[in-house]
Amino acid sequence: MSLAASYARAYARHCGLPEEGLDTEMAARLCRLPWWGRLGAEVSAAYACLAAPLLLLGRASTFAGLESDEREALLARLQAGHGVLARALFLPLKSVVLGAVYGPRGLRL
Amino acid sequence: MTLDCDYVVAGTGPGGSAAAGRLAEGGARVVVLEPGPRPEPRPDAMEAVSRYYAHAGLTAAVGEGLLPLPYGRALGGTTAINSGTCLRPPEELVRGWAARVPGFDADRFLSLVEEVWIRLKVREAPESTMSSSSRLFLEGLAKLGIPGGHRLHRSEDGCEGAGRCCFVCPTGAKMTADRAFLEPVKGKVDLRLGWQLVSVEPGSPARAVVRGPEGRRALSCRGVILACGSLSTPYFLASVGAAAGSGLTVHPAAKVFARFDRALEGWHGVPQGAGLVDPVEPRVRYEGVFTPPELAALTIPLEGRALKAWMDDFPRAAGFGFMVRDSSRGSVHYPLGPGNPVVRYRMNDDDKRLMLHAMRFVGKTLLAAGAREVLLPLNGLPASFTDAAALERADLSRVRASQFQLMAFHPLGTGGLGRAVDGGLKAAEGVYACDGSVVPESLGVNPQVTIYTFGLYLAERLLKSHAA
């Protein structure tokens with residue numbers, strides 16, 4: 001499984017969103033991106049899953065391994081990052097993960 | 001592919017389609033290139049974005065932060081995925097262009113605007129298709145005693161308010177560029193989907209090197225018409241010695257979300273059905289907007305559980321957008337060729353001030369309409385307000401432009417009438433441009449009508465010179 005898909009599952013679990021079908025949804029969405037978009041999403045995921053907990057919270061942990069409140073704080077920090085690099089590192093992942101998490105829900109509306 | 005045509009038109013957006021259609025009506029032999037596919041409605045908005053937006057919707061300008069700049073890459077160009085809103089170019093701007101640019105005929109241009117208006121079947125969005133967000137905004141204005149809110153004019157023929165304008169109209173009611181200008185000349189233009197311009201050589205004849213599914217071809221013609229969009233056309237303009245690439249304006253835009261206590265189902269109805277020009281700051285224009293949940297989730301400036309709480313309330317959410325006639329300027333560069341522009345744009349303090357003014361205005365209007373909470377488009381800040389007085393008092397003076405949750409939809413000006421092209425839209429012998437790049441300044445209105453008009457204006461002049 002790609003890092004982006006793994007992040008999507010951890011994200012859905014953290015928020016209490018259904019994980020059913022999420023892997024398939026993520027795979028389909030990643031496939032539709034150009035090669036550099038997929039690469040961007042994976043680099044973003046490496047940052048969000050592995051590097052950000054240490055860099056932003058000072059915790060040597062993965063995103064999934066953090067306590068619930070720490071994950072929420074981390075997500076808030078990622079969202080609040082507004083420099084070019086911070087946005088570039090987070091937005092590709094955010095776009096594909098939120099699309100996968102909320103897209104099927106949108107279809108049901 | 002024939003090498004013997006009168007004109008090669010690169011791009012099927014409003015400028016390219018209007019020019020190609022009018023040239024074909026006038027008897028010219030026209031080859032039209034469109035690198036993107038024929039758009040088809042998709043149930044999933046993100047799939048439409050992946051297929052029919054350039055760079056899968058990930059195009060962004062770099063400045064203080066990242067400014068997403070989505071535009072279309074499909075038959076019809078951005079008109080395949082825009083809101084269909086039609087506004088005439090302000091007459092005083094057009095007359096100003098004529099005053100500054102020798103050979104530009106403002107009277108003729110303005111009369112062609114009216115022709116575009118008719119061809120696009122422009123009409124006011126019917127009351128029956130209004131979205132709940134638009135209704136609430138107008139209701140809020142009425143409660144605050146602010147006049148001027150109105151239903152917007154749109155290019156459509158039988159819109160039922162499906163609410164999916166930006167993801168390819170599912171009913172085919174939107175009058176896109178190809179529908180308005182290429183369909184009537186079907187069989188008279190050589191439309192090549194999947195083909196794109198590679199290079200252009202000025203001269204008489206001019207030469208266009210094009211690439212498509214059958215490989216690379218060179219076409220000799222009377223003229224090459226550049227209509228690849230404001231972010232690609234400057235590459236070709238610069239290649240023929242024109243001063244292109246700077247002067248980018250984008251109409252920076254954002255939206256305010258609001259939560260109400262009742263179900264609104266905001267995804268029904270025309271998303272951009274109502275508008276207002278700010279009564280105090282005329283460079284600010286308010287226009288309706290609403291996006292499907294997977295895209296709304298992206299633009300709500302929250303994450304994790306806080307975002308989920310908003311998304312759980314999505315059926316009770318409304319939103320309204322705004323854009324600024326910007327005085328900031330950006331530029332476009334091509335280290336990786338015309339298809340992969342690197343865009344730079346920094347917002348100046350005056351535009352920043354207008355953005356903050358606009359978000360406060362929309363917030364207060366939606367609160368007046370009964371919202372229990374509004375969320376300003378600001379990243380990493382307490383941006384949620386439940387009463388107008390607190391919103392009025394909030395000190396936003398230290399907000400940085402990089403903290404705005406922005407988007408921009410109208411890149412213009414990178415070619416510049418009077419700078420890269422002359423009053424006849426000519427950049428070099430046999431090379432012309434007629435897309436958003438030639439709009440010489442920030443318009444302050446949705447630009448499709450203006451760009452269509454530049455297409456007709458150019459075609460008319462070429463036909464006249466051809467006849468002469």
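Buried is used in these legends for residues under 20% relative accessible area, exposed for those over 50% and partly exposed for those in between, with a 1.4 Å probe and protein chains only. The views show a predicted model, in which local features need pLDDT of at least 70 and side-chain atom pairs count only at pLDDT 80 or more, whereas totals for chains, interfaces and linings use all residues. Residues are numbered from 1 along each chain as its sequence is written, chains are lettered from A and ligands numbered from 1 in the order in which they are written, and side-chain values use heavy atoms, with hydrogens and water left out.

View 1. Strands (E, at least two residues) and helices (H or I, at least four) are DSSP runs, numbered from the N terminus. With a relative accessible area of 11%, B:Gln272 is buried. Its side chain is joined to that of B:Glu287 by a polar contact of 3.5 Å, and the side chain of B:Gln272 also reaches the backbone oxygen of B:Gly288 at 3.4 Å. A polar contact is a pair of N or O atoms within 3.5 Å; within protein, one must be able to donate a hydrogen and the other to accept it, and residues adjacent in sequence count only if both atoms are side-chain atoms. Leaving aside neighbours within four places in sequence, the residues in contact (heavy atoms within 4.5 Å) with B:Gln272 include B:Ser83, B:Thr85, B:Leu152, B:Arg154 and B:Asn446.

**View 2. The salt bridge between B:Glu460 and B:Arg108.** A salt bridge is a side-chain nitrogen of Lys or Arg within 4 Å of a carboxyl oxygen of Asp or Glu, and in this pair the closest N and O atoms are 2.5 Å apart. B:Glu460 lies in helix α12 (residues 448–467) of chain B and B:Arg108 in helix α4 (residues 106–119) of chain B, so the pair ties together parts that are 352 residues apart in sequence. B:Glu460 counts as buried at 15% relative accessibility, while B:Arg108, at 30%, is partly exposed.

**View 3. The salt bridge between B:Lys143 and B:Glu139.** Both residues lie in helix α5 (residues 132–144) of chain B, 4 residues apart, about one turn of the helix, and their closest N and O atoms are 4.0 Å apart. B:Lys143 is exposed, with a relative accessible area of 55%, whereas B:Glu139 is partly exposed at 33%.

**View 4. The largest nonpolar core, of 114 residues.** Such a core is a set of buried Ala, Val, Leu, Ile, Met, Phe, Trp, Tyr and Cys residues joined through side-chain atoms within 4.5 Å. A:Tyr7, B:Tyr286 and B:Phe404 touch the most other members, and helix α10 (residues 349–368) of chain B gives the largest share of this core, 9 residues. Not counting residues up to four places away in sequence, B:Tyr286 touches, among others, B:Phe137, B:Leu276, B:Phe320, B:His357 and B:Phe361.

**View 5. The interface between chain B and chain A, where 37 residues of chain B are in contact with 35 residues of chain A.** The two chains bury about 3,000 Å² between them, 63% of it on carbon and sulfur atoms; this buried area is the accessible area (1.4 Å probe) that two parts lose on being put together, summed over both. Between chain B and chain A the count is 0 salt bridges, alongside 7 residue pairs in polar contact, both residues at pLDDT 80 or more.
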